[in-house]
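Subject: Structure handover and findings

Hello,

Please find the structure below. My notes on it follow.

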Amino acid sequence: MSISKKITKNKQLITQLKEDISIIFRQFTDDYSGALENELMQDVVSDVIECSDFENGYYATGDIKLAIGRVLCNRLGIER
């Protein structure tokens, strides 16, 4: 696969990942989802990319949920 095709595929996958993260935020934060997304989105995206099989084009809903938990714990100073 050429570099340009891989970059395009990654951009599409990141766009889909952000949409999936938004859905999960809305499910449990309701009126606050927009503010939380603005504050946490980049950290959650980075965590999913780092901790899933994203480089091979895969991530799961569970990866997103774990990433949100890790980011929130990190922001609140909770160690696990």
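**Contacts of V48**

V48 touches L17, F54, Y59, D63, I64 and A67, leaving aside residues up to four places away in sequence. Contact here means heavy atoms within 4.5 Å. V48 sits in helix 2. V48 is buried, at a relative accessible area of 1%. Buried means under 20% relative accessible area, exposed means over 50%, and partly exposed lies in between (1.4 Å probe, protein chains only).

**Before you use it**

This is a predicted model: local features need pLDDT of at least 70, side-chain atom pairs count only at pLDDT 80 or more, and totals for chains, interfaces and linings use all residues. Residues are numbered from 1 along each chain as its sequence is written, and side-chain values use heavy atoms, with hydrogens and water left out.

**Overall layout**

The protein has three helices and zero strands. Its pattern along the sequence is α-α-α. Helices (H or I, at least four residues) and strands (E, at least two) are DSSP runs, numbered from the N terminus. The C-alpha trace spans about 40 × 30 × 20 Å along its principal axes. The protein has 80 residues, of which 29% count as buried. Take the contacts with a separation of 6 or more: residues 24 or more positions apart account for 53% of them.

**Helix 2 against helix 3**

How do these two helices pack? Two packed helices are described by the angle between their axes and the distance between the axes. Helix 2 covers residues 33–51 and helix 3 covers residues 61–76. Their angle is about 125 degrees, and their axes are 9 Å apart. Axes are lines fitted to C-alpha atoms, for helices over the stretch in contact, and angles run from 0 to 180 degrees between N-to-C directions. Helix 2 and helix 3 are therefore oblique to each other. On this scale, angles under 35 degrees count as roughly parallel, over 145 as roughly antiparallel, 65 to 115 as roughly perpendicular, and the rest as oblique.

Helix 2 passes helix 3 in a right-handed crossing. A crossing is right-handed if the near helix is turned clockwise from the far one by less than a right angle, and left-handed if anticlockwise.

Which residues meet? From helix 2 they are E39, L40, D43, V44, D47, V48 and C51. From helix 3 they are D63, I64, A67, I68, R70, V71, L72 and R75. By class, this contact of helix 2 with helix 3 has nine nonpolar, no polar and six charged residues. Ala, Val, Leu, Ile, Met, Phe, Trp, Tyr, Cys and Pro count as nonpolar, Asp, Glu, Lys and Arg as charged, and the others, Gly among them, as polar.

D47 belongs to helix 2. Is D47 buried or exposed? D47 is buried, with a relative accessible area of 13%. D47 touches A67 and R70, again not counting residues up to four places away in sequence.

G69 is in helix 3. G69 counts as partly exposed, at 29% relative accessibility. G69 and Y32 are 37 residues apart in sequence, and 16 Å apart in space, C-alpha to C-alpha.

T29 lies in helix 1, which covers residues 3–29. T29 is buried, with a relative accessible area of 11%. The side chain of T29 reaches the backbone oxygen of F25 at 2.4 Å. A polar atom of the T29 side chain also lies 3.4 Å from the backbone nitrogen of S33. A polar contact is a pair of N or O atoms within 3.5 Å; within protein, one must be able to donate a hydrogen and the other to accept it, and residues adjacent in sequence count only if both atoms are side-chain atoms. The C-alpha atoms of T29 and L17 are separated by 18 Å, at twelve residues apart along the chain.

D30 is in the loop between helix 1 and helix 2. D30 is exposed, with a relative accessible area of 58%. Its phi is near 50 degrees, a positive value in a residue other than glycine. Most residues other than glycine have a negative phi.

**Q16**

Q16 is another helix 1 residue. Q16 is partly exposed, with a relative accessible area of 35%. The side chains of Q16 and D20 make a polar contact at 2.8 Å.

Regards
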